[in-house]
Every structure is written in structure tokens, then in C-alpha cells.
Amino acid sequence: MSEVLEMEKIDWSRAPADSVVCPEKNILLRDVVQLILDGFEKKSEIISELSLTDNDSGTDQIQEILDIFVPVINAWKSGSCGMGCAGCSGSCGG
């Protein structure tokens, strides 16, 4: 009998950088965030850069990670955060 393992729901906004996104390929949250910092903002771009397929476990998590980190990183890069980030020690004044 085979068991289907389902990834536990992760709050990516609070997850440590070494949280596993894709266990099959040992892709960590830091890998995905680094690609966002490098300018990749679409799920298809991230999947391609990490040599993943849509069938790899965890790829369904990538859009959620993008939805959280892309706006924050873009605001940080432009210096216009102002999103009221609780606990942020940046200089945006939000």
C-alpha cells in the first residue's frame, strides 16, 4: 500500500530560510527568494531556473511564496515599502 504524503501548510512569511519547498530536489525557501531577488517573478520562471517540473512536489507552493515575497522585495528595492510591516527594522517608515 502506498501512502500519499501531503505537504503541511506552511506560513512562508514566517518560515526560516532553510525551509524545504521541494524535497525531491532539495530546493529551499532561500533558493526561491534568491531568484526573486535576481528578478524572477513568475512561477514558470522559478520552475525553469530550478530545473523543476509541475509534477515535482512543492511546486504548488511557489506561487504562494511569490505572492508574499515579490511585493515586499520590489517595495524594498524601490525604497517605498510603507506597507506597515510589523517588526520591520527598515527605514521605510511604514
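This is a predicted model: local features need pLDDT of at least 70, side-chain atom pairs count only at pLDDT 80 or more; totals for chains, interfaces and linings use all residues.

Trainee: Is D56 buried or exposed?
Mentor: D56 has a relative accessible area of 11%. Buried means under 20%, so D56 counts as buried.

Trainee: What is D56 in contact with, leaving aside its neighbours within four places in sequence?
Mentor: That list is C22, E24, K25 and S51. With K25 there's a salt bridge too: the side chains of K25 and D56 meet at 3.2 Å, N to O. The pair links distant parts of the chain, 31 residues apart. K25 sits in the loop between strand 1 (20–22) and strand 2 (27–28), while D56 is in the loop between helix 2 and helix 3.

Trainee: How accessible is K25?
Mentor: K25 is at 38% relative accessibility, so it counts as partly exposed.

Trainee: How many salt bridges does the count come to?
Mentor: Two. Besides K25 and D56, D11 forms one with R14, and there the closest N and O atoms are 3.5 Å apart. D11 is partly exposed, with a relative accessible area of 40%, and R14 counts as exposed at 71%.

Trainee: Let's zoom out. What pattern does the chain follow along the sequence?
Mentor: Read that way, it goes β-β-α-α-α. The secondary structure comes to three helices and two strands.

Trainee: How much of the chain counts as buried?
Mentor: Of its 94 residues, 30% do. The accessible surface of the chain comes to about 6,300 Å², and carbon and sulfur atoms account for 49% of that.

Trainee: New topic: which residues touch the most other members of the largest nonpolar core?
Mentor: Those are V21, L29, V32, I36, I46, I65 and F69, out of 20 residues in that core. Strand 1, helix 1 (29–37), helix 2 and helix 3 each supply at least two residues. The largest share, six residues, comes from helix 3.

Trainee: Why do residues like these gather?
Mentor: In soluble globular proteins, nonpolar side chains tend to be buried together.

Trainee: You listed F69. What is F69 in contact with, beyond its neighbours within four places in sequence?
Mentor: W12, L29, V33 and I36.

Trainee: And where is I73?
Mentor: I73 is in helix 3. I73 is buried, with a relative accessible area of 7%. Leaving aside neighbours within four places in sequence, I73 is in contact with V33, I36 and L37.

Trainee: How far apart are I73 and I36?
Mentor: In sequence, I73 and I36 are 37 residues apart; in space, C-alpha to C-alpha, the distance is 7.7 Å.

How values were computed. Residues are numbered from 1 along each chain as its sequence is written. Side-chain values use heavy atoms; hydrogens and water are left out. Buried means under 20% relative accessible area, exposed over 50%, partly exposed in between (1.4 Å probe, protein chains only). Contact means heavy atoms within 4.5 Å. Helices (H or I, at least four residues) and strands (E, at least two) are DSSP runs, numbered from the N terminus. Accessible areas come from the Shrake-Rupley method with a 1.4 Å probe; for residues, only the protein chains shown count as cover. A salt bridge is a side-chain nitrogen of Lys or Arg within 4 Å of a carboxyl oxygen of Asp or Glu. A nonpolar core is a set of buried Ala, Val, Leu, Ile, Met, Phe, Trp, Tyr and Cys residues joined through side-chain atoms within 4.5 Å.
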